[in-house]
Amino acid sequence: MNSDSNRKSLLIIVSVASIVVSVTFLISIFARGYRLDTDNGNFKLKVTGLLSVTSKPKSASVYVDNILVTATDDTINLNPGNYQIKISKEGFFPWEKNIQIKPELVYQADAQLINLSPELRPITQSHVFNPTVSPDSTKVIFALASSSATSKENGLYLLELSELPLLPSKNTQRQLSPNLSYLDWSKFTFEFSPNSKQVIASSKTNSSTYLFSIDQTLVPKNLFDISYRLPQIKKEWAEIQNQITLEKLNKLPVEIQPHVATDSALLIFNTSEDKVIYQASDSAQITPQMTSPPPTKSTQTQQRLLKKGYYYVYSLKDDTNFLIGDTGISQISWLPYSDSVVYLQGNNIKVTEYDATNLHTIYTGSTAPTIVLATPDGYRLITSTSYPDNPLNNLYSISIRER
C-alpha cells in the first residue's frame, strides 16, 4: 500500500518537474525569438529577431515597411533581414531608420520625437549683448541695455539653467550688477573660467578688465581692474583647460586620439559617456578597433575616412564613427539624456541622431542665432536672436521635446 503511494508521489513529482522544465524551455526559446511555423502544414520552430520600440512621448504609431503593426511601447517578432522602421505621432517629426534584424537578438529602437512646430518663448524683453555660455553648459552671462529700460534694469545678468522647466518670467535670470556711472556692461565681452565659476569681463572701448566670481555680489568696492594680471590668468586657465581636454582624450582609443582637434576644445561626451562629438584635426583613415563589435550596433553607414575640420560622433561601445557635418556648422552639442546632436548651420538650428539619421531643422531665423544651448533636461533650447519686427537681440526658449 505504502509502495503504491510512494510510486504515485514520485510520479507526480517527476511530472511536475517535467512540466516546469518544458515550460521554462519554451519560455526561454520564445524569449530568444523562436516561433512555431505552421506553413505548408508542417510544424517546426523558426528563429526570428526582436524589435523593441519605445518613444517619448508614448503611444506613437510603429510602421514596418510602411505597414502599421503596433504602437510604442511594444516588442515585435520579425524574420531576420532589413526593414524600414517609422515611428510617428501627430505634432512631431517622424522617426525613420533602416535597421537590420538578426536571429535571436533584440534591436532597440528608442525614438526621441522632436516637436514639428517648436514653441518659442521670450526670456528677456530688453536688448541682450554678448551672451556667453559657460563650459559646463548650464549658465549664460550677458548684458542688458535698452533705451526703454530704467537705469536699474540695465546691467550684467546671469541665467542659470536647471532640470526644472524653464518658465518665461523675469525671475529666470538674476542681475549680477547694474550699470555704473563709469561702467556700461554692454561694452564688455565675457569669458568663463574652465570650471564655470569665474568670469573675465573685457572692455571693447578701453583696456579695463575685471575678474569676478558669479556667486558674489558685484559692487564697486570688489571690482578691480586686473589688466596687468590678464596674461597670467589666461595662461593658468589654458593649462587647466588642456588638462581637462587631455583627460577626455585619454578615454578614446589611442589610434583615434591623434586625429582629434584638441585646440578647438571640442570634445563632448553624451550623458552616458559612451559617445563623443569631436572635430578632426587632419585627414586620415581610422581602422576598426574591435575585432568583435557588439552584434546589435548601429548598421547605418559609417564614415571612417576623416576630413580635416569636419565633425564626427564616435561610439566607444560600438566602435562606430559617423559624420555629422562639415566646417559650415558650429555650436554643436548633445541633447542631454539622448543620442541626438544639435548644431547651428547658417540661420538654422538642426538636430540629428548620432548616426546621422533623422536630421530635422527645428528653427529658421532671419539672422543667425548668437548662441544655441540645450537645457540640462534636454527638452528645450536657449538661443539668442532677433526678428524683423523686433530687431533687438533677445534670449528665447524653444520647446523641442515633450516629457
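Modeller: A cavity is a set of points, on a 1 Å grid over the protein atoms alone, where a 1.4 Å probe fits but cannot get out, and its lining residues have an atom within 4 Å of a point. This is a predicted model, in which local features need pLDDT of at least 70 and side-chain atom pairs count only at pLDDT 80 or more, while totals for chains, interfaces and linings use all residues. Residues are numbered from 1 along each chain as its sequence is written, and side-chain values use heavy atoms, with hydrogens and water left out.

The count comes to 2 cavities of 30 Å³ or more, where grid points are joined across faces, edges and corners and a volume is the space filled by probe spheres set on the points. The largest cavity holds about 80 Å³ of space. Its lining consists of Phe 93, Pro 94, Trp 95, Gln 112, Leu 113, Ile 114, Ser 340, Val 351, Thr 352, Glu 353, Asn 358 and His 360. By class, 6 of these are nonpolar, 5 polar and 1 charged (Ala, Val, Leu, Ile, Met, Phe, Trp, Tyr, Cys and Pro count as nonpolar, Asp, Glu, Lys and Arg as charged, and the others, Gly among them, as polar).

Strand β26 gives the most to this lining, with 3 residues (strands are DSSP runs of E, at least two residues, numbered from the N terminus). β26 covers residues 348-353 and pairs with β27 in the antiparallel sense over 4 bridges; two strands pair if DSSP finds at least two bridges between them. In this pairing Lys 350 stands opposite Thr 361 in β27. Both strands belong to an open antiparallel sheet of 4 strands, in the order β24-β25-β26-β27. β24 (329-334) and β27 (360-364) stand at the edges with a single partner strand each, so one side of each has no neighbour in the sheet.

The second largest cavity holds about 70 Å³. Among the residues that line this second cavity are Gln 100, Ile 101, Lys 102, Tyr 107 and Pro 295. β8 and β9 (106-112) are the elements that give two or more residues to its lining. That lining has 5 nonpolar, 3 polar and 2 charged residues.

β8 also belongs to an open antiparallel sheet of 4 strands, in the order β5-β4-β7-β8. Its edge strands are β5 (67-71) and β8 (95-101), each pairing on one side only. β8 is joined to β7 (residues 81-88) by 7 bridges, and Ile 85 stands opposite Lys 97 in β8.

How values were computed
On a 1 Å grid over the protein atoms alone, a cavity is a set of points where a 1.4 Å probe fits but cannot get out, and a pocket is an open set with protein on both sides within 12 Å along at least five of seven lines; lining residues have an atom within 4 Å of a point.
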